[in-house]
Protein chains: 2
Amino acid sequence: MTAPARYRAACDYLSVAQIYLRDNVLLREPLRPEHLKPRPLGHWGTCPGLNLVYSGLNGLVRRTGQRTLLVTGPGHGAPAVHANLWLEGTHADVDPALSPDGRGLAELVRRFSWPGGFPSHLSPEVPGVIHEGGELGYALATAFGAALDDPELLVACVVGDGEAETGPTAASWHCPRFLDPATGGRVLPILHLNGYKIASPTVYGTMPDEQLTAYFTGCGWSPRIVDVAAADDPDAAWASALDGAWADRDAERPPMLVLRSPKGMGAPDTDPGGTPLAGTFHAHQVPLEHAADDPAELAALEHWLRSYRPEELFGADGSPAGDLTALAPEGDLRLGSVPQANGGRLRRDLPLPPLEKFAVGLGTEVSATATAGEWLAELMRATERRRDFRVVCPDELESNNLGALLSATSRAFTGETGEYAEHLAAGGRVMEVLSEHLCQGWLQGYLLTGRHGLFPCYEAFVSIVDGMVNQYAKFLKMSGEVPWRAPVASLNYLLTSDGWRQEHNGYSHQGPGFINAMLTKKEGVARVYLPPDANTLLVTLRDCLASTGLINVVVAGKQSGPQWLDLDAAERHCRAGAGVWEWACTGDPGRPDVVLACAGTTPTVETLAAVTLLRERAPALRVRVVNVVDLLTLAPSRRHPHGMDEREFAACFGTGVPVVFAFHGYPSAVHEVLHGRPRPNRFHVHGYLEEGTTTTPLDLLADNRMSRYDLAAAAVRHAAGWSSAGGAVAQGLLRTRKELVARAYADGADPPEFTEWRWSQCSS
Amino acid sequence: MTAPARYRAACDYLSVAQIYLRDNVLLREPLRPEHLKPRPLGHWGTCPGLNLVYSGLNGLVRRTGQRTLLVTGPGHGAPAVHANLWLEGTHADVDPALSPDGRGLAELVRRFSWPGGFPSHLSPEVPGVIHEGGELGYALATAFGAALDDPELLVACVVGDGEAETGPTAASWHCPRFLDPATGGRVLPILHLNGYKIASPTVYGTMPDEQLTAYFTGCGWSPRIVDVAAADDPDAAWASALDGAWADRDAERPPMLVLRSPKGMGAPDTDPGGTPLAGTFHAHQVPLEHAADDPAELAALEHWLRSYRPEELFGADGSPAGDLTALAPEGDLRLGSVPQANGGRLRRDLPLPPLEKFAVGLGTEVSATATAGEWLAELMRATERRRDFRVVCPDELESNNLGALLSATSRAFTGETGEYAEHLAAGGRVMEVLSEHLCQGWLQGYLLTGRHGLFPCYEAFVSIVDGMVNQYAKFLKMSGEVPWRAPVASLNYLLTSDGWRQEHNGYSHQGPGFINAMLTKKEGVARVYLPPDANTLLVTLRDCLASTGLINVVVAGKQSGPQWLDLDAAERHCRAGAGVWEWACTGDPGRPDVVLACAGTTPTVETLAAVTLLRERAPALRVRVVNVVDLLTLAPSRRHPHGMDEREFAACFGTGVPVVFAFHGYPSAVHEVLHGRPRPNRFHVHGYLEEGTTTTPLDLLADNRMSRYDLAAAAVRHAAGWSSAGGAVAQGLLRTRKELVARAYADGADPPEFTEWRWSQCSS
């Protein structure tokens, strides 16, 4: 056997061993049932191919000295990666118990898929990993994100048969149009076709070579196909393909590799019952899974294990043979030790511009996101040399009023452009593509390799990446439990173009459910902010971009609107997360009849307009106004680190007074966060009730019972002691609302008294 | 002008008119500001291309008599579709106010993007529409779903520049591998490239012809490219391309068309300020949007409108010229009138097999999904001739224990297969692809054209389609408000392989958040069921498959487990949605110290095991056991139609007694649904706390405080009058749990006393 073949044999052996064995891991004695794990768990099918990929990349790195990050789409092939990490010594570097000897080998083998040990999939516990691979589809976009602005890096990315069928992966093949070869690294996709997913042949696996070539050529790649089954020396064929790809790395059409290899190659051809294994989907997970109970399967398993000749691969003490360890790169060049895979170590704090220059004066009307855009442009300029800050956006930067960024940078695009274009450049640091999946994947890869970013998005469509965010939240949660992982910059969303002002797009563009999705996350991972004006948005964005390890969801308005707080007041308000706006209260704010609370741009406008209405129509009513920026301050402090303690909570919301709460999203989100607070039923939450179409803002608010008239009516109805007097006032308010809506139907627009309402009493 | 060109001019004119005009809609007098809508809303850019597509298809239908359904990806081009619907008379058929004369024309023009009128996007209010197009990416998969099992149908599908960049669309180009030409119709994709999305050139728009050809050839299509800008007669060139595609409809490589046309063609070349319009992204939405205030823009708009020569297209009474109406197909062949677009009219009730033969006896241990699979196989056989029932699944049918279906049908696959495959056939009615997006899109298209289906999915990964489901829920909600739309079969999810038993896959495979997403939906649209055993699953699935107009989420276990109810009891329990399991209570169930409630397979097992523990360790404790199948019965009846009234609720949960609630998903979902019930803080909900990894079931339960020991401990701690005695019992229970977990860590598996626990007292 050649040295590379021996290396692969060692990795394959260790992969099988991890899945099945708890003892006798080097087969120094005959295999007996008690040597087996009680429940063999893992996925063999993809392992031998991954071992070929990994060992081939080792060779490339040794020959070229090229720093290489491996993104493994088939994360269920974790045993293969573990085997390589142990052989190259990365495992021992972060955990001495995984030493490069028999003891470490036994520990590795036992620890895989064992309670308290390594999960069956790649995960943050595994060095070199920035991608879990459990939910398939995102490896390639992540790889491109990792390569952005890192010209010294090669990112190799394995995409499996199954993952290739997903939409996000299919879109990712177009990514070279967004990666600037001058300022960024290289991405080498490796489409690993073993022909089957869990139970069926795959789309790409069944495509003949000429179709694969046409498809990837059409995407702009220069594809090469390596067929292991047809190669005399698979390692040599693979090494040659990698060398060729490396040689062509600067070609106009970048190289990509298709690796065909029989699924689970190396396993027995059939099980004792005659079911085919190697080369079929039956090798996907655990072939011979009844070996502990079935002597024939046990014998087949032992025969399989011994076919790798472990006695020739490992020394007497269990350490790998010397010719094997010599095949791995050294130090930081080991695939598991590349610094970019622990990006928190590389992360530098952003040079966040001071806010003063951008703050908005009271009494002016501005777009909060436009103001934020000016500040973000300044940040973009401040990072021009560092190139560690990017904005990803699904073709909505200008539509979200963030166009000022284009004064500081351009949209990244390397393809041929049409006859007319604006603000396009290969090195641009705004990434616009009409795919939330790509935006998310790029940003994940960028953050996890130590950089910073922002994802502005239409609020309704960010749910497209719910699945990805679920997985990323898990990755962050687990990363926080791994001592050697340094925290990465937070994943920051700026959700705007929200449903309350989607009069030109209508019902499909109205959906605030991402907030609800965030509330299912671990309390250490997710934050939700609803700054009500430009200054609070500036403060919030600055704090989010300075934070680490979180998913920050910031919901803000893009339309021109009133400014409630000057910068100092905004700083104080955001620091508290929620507070009484005393200047907006009526009567004695210490003894209110009702609390009017609000969270979000439109609810804040409507609430303060409701107070104005109440001053006119119920002047004796004592109203306290509370604004909430940090939604999670509402949670009991025992449930959430941002939760106000009961004293702070009572200072805002009292202990028994009715609260009319105007909320930007679904009322259920507030009810859910409030759970555990005393007497939650005194909170009457108004919010989005899934009523919508293309109509005027007032009509939309009215349909969802969130207009100023509805809020004021609710206030007098619920206010303590107002049950009788409140009824008539409420009826009058609702009558006015109906009249105004009727006028909007006749005129096609809201009446001036609605749209031109101003709040002139803003104060700090 | 040729007749087709005149037809298009009429459609283009009407499209512009809808966006801008409220009066003087035929320009019988000079255009004045008061003729304009106060806020012009709509998207012009895609309209002229859509009008070319639509009028060309009209010609094809007239020449061939082929029934054709149009799926319009760029739903923001609604004005174009409205113009065609009015011209062909479909609009007048469903609403006499939209008559084919000046009055109807004026009404159509005014109604677009007007309060109470038509939304700016396509929507269920629009005849011929089965796809909204607001959230982009799903048109092509929907089109394929519509074509399945309908060999007489041609589905033409427009995919725009922007949509083409999305992942779901990129994956959809591979769909021909799943559409059987013998049993299904034909799909003709029309990739409409006008070069720009909102603000940038597009990926596909900038691909040169040879790249496009290679790409689509690689996907298995035979692409043809039509460039309007280069054609002497665009209508003739387009008609010829359509005729060619029709002629090749049965070719091995099916035809697809790429239509290049300048964005917003027909609009002025520039605005008065010199900004380019036609042929650039500046024509995307509303060019000249300040026409009401800017005389130069007003003049440009009038010039633009008059360039279509409306006086030559519409008669004195405003009706379209006779040569125009002759160009549209007639009756059901009109694109807007094709019966498949109102699929509820075609839907026939399924021949649902009686359950008796499949019901499971008490005392046996079976997999609930395997039992369901046998019944579904019978349903598959019963629909073999009708071919109106399909199962879509992301490569997990067998993994979800539904493999019995493959005894009745096969997996659909028309591509070349590898050397080894099982249960593959072109006409198979199980659709397996590793793309939740494709599964969802196919099923939506299938249901909306009058058929039935089921979507089994790993619970954690169904969130991948959160965005699609949000949109579908909106489509259903709006459809219910349209009198002429007949209800379609419900969209049924069977979520299994849930997180409580993902010991081989770990943390990434644990995520019950889809339930939370469903709870944000309109109360008339979504249902959530958690049948605890095989018989209740049978009843639930049967009822879901008989229902219409809903999204039903059924969460069920796949592992072998105890059967709690015989079929009669299951029928009664599912009809009630929730109820006391008297046979499981201890002491007097009418006067419990604590209620132990449960919803979901694993929580039910753990709860009944907790009762067993309590019988031993706290024999004096009076425990009432309540099981919840229909989660929404917990909601107050004023908030949800399934909500129990307060009397029924009290019969289950009392009015003041503590409730320990073991829930399958996030506890927040229960808190949210319970909101509005009196004294909600007496409910102590245990559920998934986002703690997970590859470990044993007991360890996972313990980490989330949902093991039988935790539930029993919570019961004695919270039970009325047990505050002191309960403490010691609780400590003992938790000590036992810790000991058992420690043994699992040592042995790698749960101890037999956990895994082999049986409930032997099941009874109806």
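Q: How many residue pairs are in polar contact between domain 2 of chain A and domain 3 of chain A?
A: The count is 10 residue pairs, with both residues at pLDDT 80 or more. A polar contact is a pair of N or O atoms within 3.5 Å; within protein, one must be able to donate a hydrogen and the other to accept it, and residues adjacent in sequence count only if both atoms are side-chain atoms. This is a predicted model, where local features need pLDDT of at least 70, side-chain atom pairs count only at pLDDT 80 or more, and totals for chains, interfaces and linings use all residues. Residues are numbered from 1 along each chain as its sequence is written, chains are lettered from A and ligands numbered from 1 in the order in which they are written, and side-chain values use heavy atoms, leaving out hydrogens and water.

Q: How many residues of domain 2 of chain A and of domain 3 of chain A are in contact?
A: Contact requires heavy atoms within 4.5 Å. By that rule 28 residues of domain 2 of chain A touch 37 residues of domain 3 of chain A.

Q: What makes K474(A) and E690(B) a salt bridge?
A: The term needs a side-chain nitrogen of Lys or Arg within 4 Å of a carboxyl oxygen of Asp or Glu. The N to O distance between the side chains of K474(A) and E690(B) is 3.3 Å, so the pair qualifies. The interface of chain B and chain A has 6 salt bridges by this rule, while domain 2 and domain 3 of chain A have 0 between them.

Q: What area do chain B and chain A bury between them?
A: The figure is about 9,300 Å², with 56% of it on carbon and sulfur atoms. Buried area is the accessible area (1.4 Å probe) that two parts lose on being put together, summed over both. The contact takes 116 residues from each of chain B and chain A. For domain 2 and domain 3 of chain A, the buried area is about 2,700 Å², 64% of it on carbon and sulfur atoms.
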